[in-house]
Structure formats: C-alpha cells, structure tokens
Amino acid sequence: MLDVRQVTKIFGRKAAVDHVTFRVDGPAFVGIIGRSGAGKSTLLRMMNGLTPATGGEIIVEGRDILALRGSEARAWQSDCAMIFQQFNLVPRMDVVSNVLHGILNRRSTIQTVFNLWSRADIVQALAILDRLGIAEQAPKRAEALSGGQQQRVAIARALMQDPRIILADEPIASLDPMNAQIVMDTLKRINVEDGRMVIANLHTLDTARRYCDRVIGMRDGRVVFDGLPSQLTTGVARDIYGADAGFNEAATSTAIPTDHEADDQYAATMLA
Amino acid sequence: MSAPALAHVQTEYLALTRRRRIYGGLLLIVFVAIFVSGFRIADGRNAGGFWQGLHQIGDFPADLVREAIEKAANLPGHMIRAIPALIETLNIALVATLLGCILGLFLSLAATRGLAYWPRMVPVARRLSDIFRAIPEIVIALVLIFVLGGGPVPAVIAIAIHTAGAMGKLFSEVNENVDLKPVEGLASVGANWSQRMWLGVIPQVAPNYMSYSLLRLEINIRASAILGFVGAGGIGYELRNAMTFGQGKFDQAAAIFLLLFATIVLVDQLSASLRHRLTHGAPA
C-alpha cells in the first residue's frame with residue numbers, strides 16, 4: 001500500500017534523510033522515533049509533498065507520488081492528511097471552517113474563498129467534531145481553544161479529507177500528558193475503527209510502545225531499527241538516540257507512574 | 001454528545017452561516033451602490049466630464065515622451081545638471097525621515113498600551129500623532145516658508161512632522177504585536193523602563209521598524225520633490241519650471257522623471273537588501 005524506496009533528502013551537503021526504505025501494508029499504526037534532527041519530520045513532509053525529495057520514490061497504488069506535480073500533487077495531498085505539532089489551524093477562523101478546509105481541494109476556489117459551503121459539508125464537519133467530542137466548540141475561533149482541543153480540530157480537518165493515510169508530525173509534543181493521551185487515543189481509534197493508516201513521529205518511547213503496531217527508529221537520516229514495539233528494549237533505544245549508558249528513559253517520561261510508592265510515603269508522613 | 005444536543009449545535013451553526021451570508025450580501029450591495037452613486041456625483045461635478053476626457057488622458061505623457069525621444073541627445077546633459085538639485089532633495093528626505101522616525105519611535109512607545117511609561121498618557125500620545133498626520137506637509141511647509149524663508153529647512157521640518165505622526169501610528173501597531181515574554185524576563189531581573197524597551201522590545205521590532213522607515217524614505221523623497229514646487233528648493237523646483245506647458249522643456253522634465261525613477265529603484269533595492277540582512281543576518 002505504501003512503499004518507500006531509497007528516499008533521500010539533501011540540505012546543502014548534509015543528507016537529512018538518507019536512502020530510507022520501508023514498506024507498510026494495510027492500515028497499520030506506525031511510529032517513527034529518533035532524536036531531533038534525525039530526519040523524521042523531513043520524511044513525513046516528503047510523503048505529503050510539502051518538501052520535495054532529492055531522490056528515491058514512494059509508490060502508492062502503482063504510482064510514484066514523489067513525481068507528481070501541480071494539481072496531481074495537490075490531489076495526492078488531499079488524500080494524505082497531515083497533522084502538525086503546532087496544529088497549523090487558521091487561528092482567526094471558526095472551528096467548523098477550519099475543519100471544512102479539509103476538502104478545499106475538492107471544491108471550487110470561488111466557493112471556498114467566499115466561504116459558501118453546502119449544508120451537507122457543514123453537517124459532515126459537525127458530525128466529525130461530534131465524533132471527536134468537541135462539537136460544542138463549533139462556532140468558536142480556533143485560537144480560543146486549548147492546545148488539546150486545537151489538535152483534535154486538526155484531526156477533524158484530517159478526517160474531513162477522508163484520507164487513506166494520516167501523517168502526524170509530533171502530534172503530542174506541545175501537549176500536556178492528559179491531552180496527549182486524548183489525542184493519541186483519538187488517532188488510535190481512527191486507525192482501528194476506520195482502517196486508515198497512521199504514521200506518527202513520536203518523541204517518547206512509552207507512547208510508541210503503547211500505541212504502535214510497528215516502530216521505525218531513525219538516526220542521522222537512516223533507518224536503524226524497524227520492528228515490533230516489544231523489541232524496543234532500552235539497549236535498542238540507546239542505539240537509536242545515540243545515548244550512552246547514562247540514558248534513563250524514566251527521567252523524561254511523561255507517563256504518569258503506576259506505582260504508588262510516593263503516595264505511600266506521603267501517606268506515611270501524614271500519618272506519622 | 002447526545003443526538004438532540006448535536007442537532008441543536010447544528011441548527012445554531014447553520015443559522016449563524018445564513019446570517020453571515022445575508023450580512024455579507026447586504027454589505028456588497030451597499031458597497032456597489034455607494035460606489036456607483038459616488039462615481040456619478042463626482043462625474044457630474046467634473047468640469048469636463050469623465051467620459052469626454054477619458055480619451056485625452058494619455059495626451060500629456062505622449063507629448064512628453066515624444067519630445068523626450070526627439071531630443072534624446074540632451075537627456076544625459078539635463079540629468080547631470082539636475083544632480084545637485086537631486087542631492088538636495090535626497091538630503092531633505094533623509095534628514096526628515098531620520099528625525100521623523102526618532103520622534104515617531106518615542107510617540108509609538110508612549111502610545112502603546114502595555115509598554116507606555118505613563119499609561120494614562122496613551123490617548124494623548126495617540127491624538128498627538130493623529131494631529132501630526134492630519135496636517136498636510138505642504139501646509140506646514142508653506143507656513144514655515146512664509147516665516148523662515150524658502151530653503152531646505154522648512155521642508156525638513158514639514159516632512160519630519162508628518163513622518164513622526166505616520167511612524168508613531170505604524171510603529172505602535174508593530175509594538176502591539178510584540179511578544180511580552182522577553183520584556184517580562186527583563187523586568188524579572190530588575191531592568192528599568194529604558195532597558196526593557198531598548199533590550200526587550202527594540203530587537204523584536206527593529207526589522208519591521210526598518211522596513212517601514214525605508215518605505216517612508218521613498219515616500220519622503222517624493223514629498224520633498226513636491227515641496228520643491230512651493231519653493232523649498234531641490235529637484236521639484238526644476239521640475240516645475242520644466243513641466244510648464246509650451247516652453248519646449250519636456251526633455252528636461254523627462255530627464256528629471258527618469259532620475260527620480262532611478263533614485264526610487266535604487267532606494268528600493270538598497271532597502272530590500274538591508275531588510276534581508278536584518279531579518280536573516282549578514283551573509284556568512
């Protein structure tokens with residue numbers, strides 16, 4: 001379904017993405033991990049067509065989407081949704097309008113510039129918002145919403161596109177743990193219920209282990225790990241992040257600990 | 001969300017869309033109506049009439065270009081002769097822009113809520129820059145020429161006052177979009193107002209200030225040329241003498257136009273590269 005072959009991106013003289021090759025069949029939830037600058041974002045941006053590739057090809061249903069230009073490239077983009085770290089909504093427009101932007105490619109320019117959406121489109125946008133649990137925010141400006149709500153609006157925009165593939169570039173990196181979980185649960189639901197492929201850049205290992213069917217580790221533009229989340233041991237993680245033995249995952253983990261040692265200690269001091 | 005609740009949100013939003021469309025449509029109709037009626041009134045009051053005069057609109061430029069081409073050999077000489085006047089005009093514009101922008105900077109800081117040293121004086125600073133902007137520079141120049149006599153100084157003062165008003169407004173709009181976090185950071189280490197402004201605000205707004213100032217410099221070159229028409233000296237004075245009909249000096253006028261055009265292009269190119277350096281840093 002998605003066949004990435006030898007995809008390369010060179011900025012100046014440095015290869016940001018270096019001959020990356022992998023293949024995803026069917027609606028999997030794929031996580032890409034690696035430290036900042038490993039080329040994760042560039043890879044996703046090339047898949048969507050936001051950044052042109054230097055070399056290689058990405059085959060989807062028999063055609064190389066890296067070779068598409070102009071309206072064909074935009075038609076591909078409308079079929080391959082992208083979710084950003086900073087949500088990338090239009091802050092001064094209301095939530096429903098932002099969701100309706102998902103089908104800009106399929107409506108005429110005049111109609112969209114004057115905001116003349118059909119009733120059916122508006123009803124569909126509201127139904128998607130309702131599915132994500134934020135229908136009551138519909139008439140508000142996007143900028144008035146919290147980060148977690150804005151990211152769900154961005155996911156709604158992606159769903160409006162009715163895409164086969166959803167690319168998520170650090171979708172939870174600017175969210176607090178509670179909202180991060182809501183957003184990741186939403187993405188997982190879309191993946192399972194709708195059967196859409198989700199490829200997400202993630203920066204925490206516990207998130208990758210919990211949500212992904214498959215994890216790809218990148219380092220300096222190359223794929224250095226490709227396997228099941230259960231194979232993602234601390235040793236492998238050290239390799240991916242290029243860290244030494246001092247690397248301790250728990251130090252920066254945003255997961256809320258399940259142990260109650262601290263609680264018990266607190267209770268003991270209070271009871272003493 | 002329950003089905004009735006969703007239906008409610010849906011009706012509300014659809015009603016909102018309908019309202020917006022009705023208002024938008026009405027606004028468009030009103031706009032077109034005002035535009036058409038305004039044009040008819042203006043055309044009615046016109047001494048000649050718009051439609052009768054329309055075909056003559058190119059006559060003067062055509063005359064000018066024809067005569068300039070006929071006497072093309074004279075153009076370089078005319079240009080060289082006009083250069084001292086051009087330098088005077090440029091100097092007037094430069095000094096006026098510099099003075100006006102410095103005054104405008106203080107006006108803008110005093111007129112921005114959240115940055116002003118005396119928050120109560122914000123409306124005063126705003127009205128002051130309104131007044132500076134409202135008086136046409138040609139009026140100030142005429143009054144000053146009457147009092148101080150002709151020459152570049154009245155022109156500088158006139159343009160600087162107008163510039164200060166305009167920049168006070170534009171700069172304060174830039175200031176309003178400034179990120180207050182660095183200012184708060186400086187306040188947290190005990191910086192005083194001047195330090196907070198100079199070290200926290202100016203670095204953020206400098207590229208914007210610069211591009212507005214350079215745009216203003218272009219406007220002021222033209223303004224200082226116009227003030228030459230009323231006796232402030234410079235290239236405007238030469239242009240007025242050359243442009244008068246029936247003297248056969250259109251080649252001279254064309255030379256001055258070309259010179260002004262070249263100057264504006266030069267300033268534009270210069271300012272573009274300057275702004276680029278300011279926002280992206282010097283080329284390595």
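This dialogue walks through the two chains of a predicted model.

Reader: What ground rules apply to the model and its numbering?

Author: The model is predicted: local features need pLDDT of at least 70, side-chain atom pairs count only at pLDDT 80 or more, and totals for chains, interfaces and linings use all residues. Residues are numbered from 1 along each chain as its sequence is written, while chains are lettered from A and ligands numbered from 1 in the order in which they are written.

Reader: How many helices and strands does chain A have?

Author: Elements are DSSP runs, numbered from the N terminus: helices are H or I with at least four residues, strands E with at least two. Chain A has 10 helices and 10 strands.

Reader: How do I read the radius of gyration?

Author: It is taken over C-alpha atoms, and the globule rule is 2.2 Å times the number of residues to the power 0.38. For the 272 residues of chain A, a compact globule would come near 19 Å; chain A has 20 Å, which agrees. For 284 residues the rule also gives a value near 19 Å, but chain B has 26 Å.

Reader: Is helix H6 of chain A mostly covered or exposed?

Author: Covered: 13 of the 14 residues of H6(A) are buried. The helix runs over residues 147-160 and reaches 20 Å from first C-alpha to last, close to the 20 Å expected at 1.5 Å a residue. That expectation is 1.5 Å times one less than the number of residues. A:Asp162 follows H6(A), with a positive phi near 50°.

Reader: How many residues of chain A are in contact with chain B?

Author: Contact puts two C-beta atoms, placed from the backbone, within 7 Å. Here 10 residues of chain A contact 8 residues of chain B. Helix H5 (residues 119-131) of chain A gives the largest share of the chain A side, 5 residues.

Conventions:
Buried ≥ 20, exposed ≤ 12 C-beta atoms within 10 Å, placed from the backbone.
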